[in-house]
Amino acid sequence: MSSYTSHPPHLPPPTGPSPSEPHPGNIVLEVSNLVKRYRRSAHPANDDISLTARAGRVLGVLGHNGAGKTTVVNQIVGLLRPTSGSIRVGGIDAVAHPARAREIVAVQAQANVPITGLSPRKAVELVGRIRGGEPSTVTRRTGELLDALDLGPWADTPAEKISGGIARLTAFCMTVVQPSSLVILDEPTNDVDPARRRLLWAAIRDTAARGAAVLLVTHNVREAERTVDDLVVLDRGRVLATGTPAQLTAHTRGELLLELDGEHLPELPHGLRAATETAAQATVPVPAARGAEVVAWAQAAVEQGQIERFALTPASLEDTYLELVGAGTEVAA
Ligand SMILES: Nc1ncnc2c1ncn2[C@@H]1O[C@H](COP(=O)(O)OP(=O)(O)OP(=O)(O)O)[C@@H](O)[C@H]1O
C-alpha cells in the first residue's frame, strides 16, 4: 500500500495564481497512456492508463488493493514521475510543470496529515486561511462542513482525543474548505462509521456540484455506486472498463440475482444456471420476467427443507465489478 506521509500535498503554496473558474463539463484532468514502472518490479504499477475528469462531476477510480490507484494519484500531484504518458491538469503539462499543476489541485491523501495541537475546527480554518480564504468566508464554510458531516460534538476537541474516523473526516474538510479546480480524494471513507460515511458521500457530491472535478479513489463498490458520475475500473495496473455506472451495468439490466444457501442445493428451474456455485451456496442470474416464478420455486424449496434461505435482488455494480475483475483474473492467469 502506498501513502504520502512526508509532506502534506493537499496544502498548495499560499501564493500563486488563483484557480481558473472551470465550467461544468470542461476537462480539468486528462491522463493519457500513463505507464509507471517501479525499479526492480517485474510488472508496471500503471500500464497504459487513460482517464478524464470534468468540472462538476465525480470520477471514481475503483480497484482492489494494489490495482495501481495511488500510483496514479502520486503522479498527478507530482510526487512520482511517470515512466511514460502524459498528465494535463487545467491545461498545464503536470509532468513538465508539477508545481504549477499542483496549485489548482487539493488532495486528501491516504494517510492523514497530523493536526496535533489543534481541534478539527482550528485545523480546517487554518488550512482555509493558508490557502488564501477570506477569514469570515473560511469560518462560515468550516461551520457548514463540520455540520454537514455531523462533526459538531468533536469540532472543538483537541486532536489528540479524536478517533481515526473523525480525523479522516477532518482531513476531508481541510481538503475542500477552499475551492479547487481538481479535488482528489484517496479512500476518504476509511475508518468512517456507516452513518457519517453517507454524509461524506453527500459532501463529495456537493463538492462537484460547487464546480470542482472530483477524482474519488476507492475500493468500495457501494461507495462508487452512490457517489460517482463516471467510473474507471483498474485491476493490476490496467484499465478494465470505463463509463457511467449505468453504462457499466447496462448488460445486466433486466436481470435479477438469486442467492441460495443450503446443505444440498436442489436442481434449478428449467433454463437457469448458477454463475457461481459451492457445495452450500449458489448465485443464479434470473431474467426479471421470471422473478415471480423463481420466488415461488425458492419459497417451496425452503418449505421442503431443500434450501435454508434465498434472496432475489437486482444485479448491481458490484456484480459487474466482480465479473470484470474476475474476468481479468482469468485472462492474466
Ligand atoms: N514505491 C514502490 N516501489 C515498488 N512497488 C510499489 C511501490 N509503491 C507501490 N508499488 C506496487 O505498485 C502496485 C500498485 O500499488 P498502489 O499503491 O498504486 O495500488 P493501490 O491500488 O493504491 O492499492 P491500495 O488500495 O492498497 O492503496 C502494487 O503492486 C504495489 O506493490
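The legends below describe several close-up views of one predicted chain.

Residues are numbered from 1 along each chain as its sequence is written. Because the model is predicted, local features need pLDDT of at least 70 and side-chain atom pairs count only at pLDDT 80 or more, while totals for chains, interfaces and linings use all residues.

**View 1**
The chain has ten helices and 14 strands, where helices (H or I, at least four residues) and strands (E, at least two) are DSSP runs numbered from the N terminus. Its C-alpha trace spans about 70 × 50 × 40 Å along the principal axes. Of its 333 residues, 41% count as buried, a class that requires 20 or more other C-beta atoms within 10 Å of the residue's own, with exposed meaning 12 or fewer, partly exposed lying in between, and C-beta atoms being placed from the backbone. Among the contacts in the chain with a separation of 6 or more, 72% come from residues 24 or more positions apart, a contact being two residues whose C-beta atoms, placed from the backbone, lie within 7 Å.

**View 1. The open sheet of four strands.**
This sheet has the order E2-E1-E4-E5 with antiparallel pairing, two strands being paired if DSSP finds at least two bridges between them. Its edge strands, each pairing on one side only, are strand E2 (46-54) and strand E5 (92-93). Helix H1 (residues 69-76) packs on the sheet and touches strand E1 (27-36), E2 and E4, and its direction makes about 115° with that of E1; such angles run from 0 to 180 degrees between N-to-C directions, with axes being lines fitted to C-alpha atoms, for helices over the stretch in contact.

Seven bridges link E1 and E2, which pair in the antiparallel sense, and here the bridge partner of Val 35 is Asp 47 in E2. E1 also runs antiparallel to E4, to which five bridges join it, with Glu 30 standing opposite Arg 88 in E4. Strand E4 (residues 84-89) in turn pairs with E5 over two bridges, again in the antiparallel sense, and Ile 92 in E5 is the bridge partner of Val 89.

**View 2. The open sheet of six strands.**
The order of this sheet is E6-E7-E8-E3-E9-E10, with mixed pairing. Strand E6 (105-108) and strand E10 (238-243) are its edge strands, each pairing on one side only, and the twist from one strand to the next averages 15°. H1 packs on this sheet as well, touching strand E3 (58-62), strand E7 (182-186), strand E8 (213-218) and E9, and its direction makes about 145° with that of E7. Helix H6 (residues 194-209) lies across E3, E7 and E8, and runs at about 150° to E8.

**View 3. The hairpin of E9 and E10.**
Strand E9 (residues 230-235) and E10 run antiparallel and are joined by five bridges, with Val 232 opposite Thr 242 in E10. Two residues lie between the strands of this hairpin, and Arg 236 in the turn has a positive phi of about 50°.

**View 4. The nonpolar cores.**
A nonpolar core is a set of buried Ala, Val, Leu, Ile, Met, Phe, Trp, Tyr and Cys residues joined through C-beta atoms within 7 Å. The largest has 73 residues, of which Leu 59, Cys 173, Leu 182, Val 214 and Leu 215 touch the most other members. Helix H5 (residues 164-176) supplies the largest share of this core, seven residues. Leaving aside residues up to four places away in sequence, Cys 173 touches Val 124, Thr 142, Leu 145, Leu 146 and Leu 149. A second, separate core of ten residues includes Leu 256, Leu 260, Leu 265 and Ala 282.

**View 5. Glu 293 in helix H9.**
Glu 293 lies in helix H9 (residues 291-303) and is partly exposed, because 13 other C-beta atoms lie within 10 Å. The C-alpha atoms of Glu 293 and Ala 159, which are 134 residues apart along the chain, are separated by 57 Å.
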